[in-house]
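Welcome! Here is a friendly walk through one protein structure, from the whole chain down to single residues. Please keep the view open as you read.

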Amino acid sequence: MNKNHVKNILMIILFLAFIGYYWIFFPVTGGEGNTEREKRQLAEFPQFKAEEYKTYSARLTDYLRDHIPFRYEVTSRYNDLMINTFHQPTDRGVILGKENWLFYNSNAKDPDTNELLDYDGVSRYTEEQMERVAAEVRGADEFCREHGAQMIFLIAPNKSSVYPQYMPDVYVQESDYSRMDQLYEYLCENTEAIVLYPKRELRELSLKYKTFYANDTHWNGLGAYFATQMMMEKFGLDYPALSQLELVNDPSPEDLKLMLGVENYAPDDGNTIPDYGQIYQVSVISATENMTSYESTNPNGKKLLLLGDSFSEKLVPALGISVTRLDASRTRYYQFAETGDYDYVVYEMVERNLSILAQ
């Protein structure tokens, strides 16, 4: 028996072993462990319908891809090799920073935004673009005033704006004065709204406290606390000092780590959030598709409407203790201000998304 013949037999045996392994373990494992680890809903086994026959094979492929045994483990090992050995991100939306910090390359996911243009210190908004943003802020502020509410337009800084020291050297920052600084000055000069962009304040605080997650896009609970503290000063409302609050662990949501698809990445330790329950209790009283309402034991009788993107989620517990009633909506629909007899409105938007308003 020649060597080629032996080699061919071995290849056939290995192939049959792989196929047999799949059919033995697939009914047992079904890849069900992938759901919890990937934090997404896996594809379900498609039911065949005659009217949907054209898409059936694609849906079946999605199911097999999601449920093949140990798919997550194999993919994770590959991603781990690419990241930790070759220092190459496995998702174009993630930037591998210094000291295991991860940053968001938003343009890879949403072409209407570009966090790197906010970072480079060279890019600028045009006068026309800035006026478009100002028109939105002006319209929201005037609408809220007409309905008896005081509004703050809160620009949540990008992570790279607060922690530029962890950005990789390949991304050069020519100046610390960004297009967001330019736009912030324009909004302050050309609208009557209270505009808050706490980049420099959070950067200074970050010398002592950790205000953003290392492996997630967002500010952590402490970063949201400091932003809320600044807003309460603008509103003239009492707010507890950090020394009055106990700090507790604030686990990272790990959205950037999950985008990389790797299990063994550096832990994101040291994130904390104030224990607001020491001051007032906050509870959900109703929830709809567009709005979640909270009631606190704060007796000041004030009502606040929070509008915003994903950065607004960490603001909810921080704002919840500042008023008796908080309504929160993941939307920019400031016309909600006419529905609730609000005293205050916080209209939050992360820095990178301002370019959407500028279009």
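## The chain as a whole

Of the 359 residues in the protein chain, 47% are buried. Here buried means under 20% relative accessible area, exposed means over 50%, and partly exposed is in between, with a 1.4 Å probe and protein chains only. The chain's secondary structure amounts to 13 helices and eleven strands. Helices (H or I, at least four residues) and strands (E, at least two) are DSSP runs, numbered from the N terminus. Among contacts in the chain with a separation of 6 or more, 72% join residues 24 or more positions apart. A contact means heavy atoms within 4.5 Å.

This is a predicted model, in which local features need pLDDT of at least 70 and side-chain atom pairs count only at pLDDT 80 or more, while totals for chains, interfaces and linings use all residues. Residues are numbered from 1 along each chain as its sequence is written, and side-chain values use heavy atoms, with hydrogens and water left out.

## The nonpolar cores

In soluble globular proteins, nonpolar side chains tend to be buried together. A nonpolar core is a set of buried Ala, Val, Leu, Ile, Met, Phe, Trp, Tyr and Cys residues joined through side-chain atoms within 4.5 Å. The largest one in this model has 47 residues, and those touching the most other members are Trp219, Met231, Leu304, Leu306 and Leu319. At least two residues of this core come from each of helix H5 (115-119), strand S3 (150-156), helix H10 (221-235), strand S9 (303-307), helix H12 (315-320), strand S10 (325-329) and strand S11 (344-350). H10 gives the most, with nine residues.

A second, separate core holds 32 residues, including Leu183, Tyr186, Ala193 and Leu307. Back at Trp219, the residues touched, leaving out those up to four places away in sequence, include Leu154, Pro157, Phe212, Tyr213, Ala227 and Phe311.

## A closer look at Val346

Val346 sits in strand S11. Because its relative accessibility is 0%, Val346 counts as buried. Which residues does Val346 contact, leaving aside neighbours within four places in sequence? They are Ile152, Leu154, Met231, Phe235, Leu304, Leu305, Leu306, Leu307 and Leu319.

## Where two helices cross

Now find helix H6 (residues 127-146) and helix H8 (residues 179-190), whose axes come within 10 Å and cross at roughly 55°. Axes are lines fitted to C-alpha atoms, for helices over the stretch in contact, and angles run from 0 to 180 degrees between N-to-C directions. That angle makes H6 oblique to H8; angles under 35 degrees count as roughly parallel, over 145 as roughly antiparallel, 65 to 115 as roughly perpendicular and the rest as oblique.

On the H6 side, the contact is made by Glu127, Met130, Glu131, Val133, Ala134, Val137 and Arg138, and H8 brings Gln182, Leu183, Tyr186, Leu187 and Asn190. Together these residues divide into seven nonpolar, two polar and three charged. In this count Ala, Val, Leu, Ile, Met, Phe, Trp, Tyr, Cys and Pro are nonpolar, Asp, Glu, Lys and Arg are charged, and the others, Gly among them, are polar.

## Loops worth a visit

Glu99 lies in the loop between strand S1 (94-96) and strand S2 (102-104). Although it is not a glycine, Glu99 has a positive phi of about 50°. With 63% relative accessibility, Glu99 counts as exposed. Glu254 also has a positive phi, near 65°, in a residue other than glycine, and its place is the loop between strand S5 (247-249) and helix H11 (255-260).

Thr331 is in the loop between S10 and S11. At 24% relative accessibility, Thr331 counts as partly exposed. Apart from neighbours within four places in sequence, Thr331 contacts Leu307, Gly308 and Phe336.

## Tyr56 in helix H3

Tyr56 belongs to helix H3 (residues 53-67). Tyr56 is buried, with a relative accessible area of 18%. Beyond neighbours within four places in sequence, Tyr56 is in contact with Phe45, Pro46, Gln47 and Phe48.
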